[in-house]
Amino acid sequence: MADENLTISKAHCNGCLQETKHFVVAERVNSGSEHVDPYCQHEISWQTTYKMLECCGCENISLQRRFYFSEYDEIEEEYYPPQISRPLPKWHDELPDDWSELLKEVYLALHADSRRLVLMGARSLIDLYMNEQLGDIGGFAQKIKKLESDGLISKPNKDVLEAALDVGHAAAHRGHKARANEVNQVIDIVENILQSHVLAAAAENLKSKTPQRGSNGS
């Protein structure tokens, strides 16, 4: 859409995955105020502004909601659909179906900033991976130790995996809400583990389709 009469506003774009210029296609404002006490001059006020936005680049459409309340220090801002901070990895559909479905649910929680749900889902994904590799042989500590002893993960990777599981455990059992960057670090760890499963299958496929060397090494 190219209309010189439209206002332009900067906002996050889920298509471009960054802040871009947007056309304000439509805007509505609802506001009100009232006195807290009829004998007092103190007045509270509020205003909700809705903007239908279209990215000037990729033309992605979103709805922005900004809520102002005189008693709050900051303006609340939400987007529909929620802002996407990172895209679902392209290789997700190469995972087993139940893993892929759970990973998509984790991303829905991630985009809604439901951090505890993200961490609990990440922990479940790690458990699915370990059960696939080892079977249900016990708790997380026993499984991680077995992964290392079987050579499936290195000592540094073991420490990283334990850190991710600890954050998920704290979210599930102690109501811990991690910082946004910590949540992304956990997702990085989990995706690294899951992608290793995908790459292992890809390696087997390549091996089966690659002509073998002859006895003379050619």
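How many bridges join E4 to strand E5 (residues 76-80)? Let's find out in the close-up views below, which come from a predicted model.

**View 1. Strands E4 and E5 run antiparallel.** The count is 5 bridges between E4 and strand E5, which spans residues 76-80. To get your bearings, look for Gln64, which stands opposite Tyr79 in E5. Between the two strands, the chain passes through a hairpin of 6 residues.

**View 2. Arg65 is a buried residue of strand E4.** Start from its place in E4. Why does Arg65 count as buried? Its relative accessible area is 16%, and buried means under 20%. Now look at the neighbours: leaving aside residues up to four places away in sequence, Arg65 touches Thr48, Thr49 and Tyr50, along with Glu76, Glu77, Glu78 and Tyr80.

**View 3. Strands E3 and E4 pair in the antiparallel sense.** Here you can follow 9 bridges between E3 and E4.

**View 4. Strands E2 and E3 are joined by 13 bridges.** E3 covers residues 43-55, and E2 and E3 run antiparallel. A handy landmark is Ala26, which stands opposite Met52 in E3.

**View 5. His22 is a buried residue of strand E2.** You will find His22 in E2, the strand of residues 18-35. Is His22 buried or exposed? His22 counts as buried because its relative accessibility is 0%. The side chain of His22 reaches the backbone oxygen of Thr20, at 3.1 Å. Beyond residues up to four places away in sequence, His22 touches Thr7, Ile8, Ser9, Ala11, His12 and Cys13, and also Leu53, Glu54, Cys55 and Cys56.

**View 6. Val25, Met52 and Ile61 make a nonpolar surface patch.** The patch has an area of about 210 Å². You have already met Met52 as the residue opposite Ala26. Take a moment with Ile61, which lies in strand E4, a run of residues 61-69. Ile61 counts as partly exposed because its relative accessibility is 40%, a value that falls between the limits of 20% for buried and 50% for exposed.

Technical notes: Residues are numbered from 1 along each chain as its sequence is written. This is a predicted model: local features need pLDDT of at least 70, side-chain atom pairs count only at pLDDT 80 or more; totals for chains, interfaces and linings use all residues. Side-chain values use heavy atoms; hydrogens and water are left out. Patches are made of residues with over 30% relative accessible area and no salt bridge: like charges are joined within 9 Å, nonpolar side chains (Val, Leu, Ile, Met, Phe, Trp, Tyr) within 5 Å. Accessible areas come from the Shrake-Rupley method with a 1.4 Å probe; for residues, only the protein chains shown count as cover. A salt bridge is a side-chain nitrogen of Lys or Arg within 4 Å of a carboxyl oxygen of Asp or Glu. Helices (H or I, at least four residues) and strands (E, at least two) are DSSP runs, numbered from the N terminus. Buried means under 20% relative accessible area, exposed over 50%, partly exposed in between (1.4 Å probe, protein chains only). A polar contact is a pair of N or O atoms within 3.5 Å; within protein, one must be able to donate a hydrogen and the other to accept it, and residues adjacent in sequence count only if both atoms are side-chain atoms. Contact means heavy atoms within 4.5 Å. Two strands pair if DSSP finds at least two bridges between them.
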